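User: Please take a close look at the annotated part of this chain, and in particular at the residues towards its end. I would like that part set against the chain as a whole.

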Amino acid sequence: MKGRNMTRWRDPAKDPRQEPKSNLITAEGAERLRGILDHLSRVKRPALSTKVGEAAALGDRSENADYTYNKKELNRVIARIRYLTKRLDELQVVDRLPADTDRVFFGAFVTLEDENGEELRLRIVGHDETDTSKHWISVDAPLAKALLGKGIDDEATVAAPGGETTYLITEIDYHDPQA
């Protein structure tokens, strides 16, 4: 029997999903999460509650698609609100620059050059802020771990699916969170 909830057994000691995630977040990331939580709490949840109430007033709920859909959506929003509230309490906001801005630390914008001479600019952020379209990677990612503490003209080697890749750090800069 296969289904959505059927998963294969994984040894918890070896499961990469069980690795502890860092609780760091930038000030901008924390503000964005608070904005999402506020929108869900003040706008989305009341609107869905109203829709569910209106659909329930129509009568037979067993064949009422509006009621079923909106009830599921309301439950999803409530779960997201609960998750964000709990997560925001756990997070540690990094709202200052590191003492040594010539080295790669959390929140750094780093420009890398690979073996082929191609440049890659990325930012090291918290787990909740990762965005592949912006090239923002988690501080827990293997590439970020290889870069942390390194300076300009240092090399970082990281294991990739196609083999090891070596990057040269060409630029490090930080945006001042206080500015």
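Analyst: Two residues are said to be in contact when heavy atoms of theirs lie within 4.5 Å of each other. On that basis, and bearing in mind that this is a predicted model, 56% of the contacts in the protein chain with a separation of 6 or more are between residues 24 or more positions apart.

The chain as a whole comes before the part. It contains 3 helices and 7 strands, and from one end of the sequence to the other these follow the order β-α-α-β-β-β-β-α-β-β. The C-alpha trace spans about 70 × 50 × 30 Å along its principal axes, and the radius of gyration is 22 Å, whereas a compact globule of 179 residues would come near 16 Å. Of those 179 residues, 32% count as buried; the chain exposes about 12,200 Å², and 49% of that area is supplied by carbon and sulfur atoms. As for charge, there are 28 positive and 32 negative side chains, with the centres of the two sets 12 Å apart.

The part you ask about is residues 24-93, which an unreviewed UniProt entry annotates as "domain: Transcription elongation factor GreA/GreB N-terminal". This span is 81% helix and 7% strand, and its end C-alpha atoms lie 6 Å apart.

If neighbours within four places in sequence are set aside, the residues in contact with Arg 87 are Ser 22, Asn 23 and Asp 128.

The other residue is Gln 92, which lies in strand β2, made up of residues 92-94. Again not counting residues up to four places away in sequence, Gln 92 touches Asn 23, Leu 24 and Ile 25.

Note on methods. Residues are numbered from 1 along each chain as its sequence is written. This is a predicted model: local features need pLDDT of at least 70, side-chain atom pairs count only at pLDDT 80 or more; totals for chains, interfaces and linings use all residues. Side-chain values use heavy atoms; hydrogens and water are left out. Helices (H or I, at least four residues) and strands (E, at least two) are DSSP runs, numbered from the N terminus. The radius of gyration is taken over C-alpha atoms; the globule rule is 2.2 Å times the number of residues to the power 0.38. Buried means under 20% relative accessible area, exposed over 50%, partly exposed in between (1.4 Å probe, protein chains only). Accessible areas come from the Shrake-Rupley method with a 1.4 Å probe; for residues, only the protein chains shown count as cover. Lys and Arg count as positive and Asp and Glu as negative; His and the chain ends are not counted. The place of a charge is taken as NZ of Lys, CZ of Arg, CG of Asp or CD of Glu. UniProt positions are given in the numbering used here, feature names are shortened, and annotations may be inferred rather than shown by experiment.
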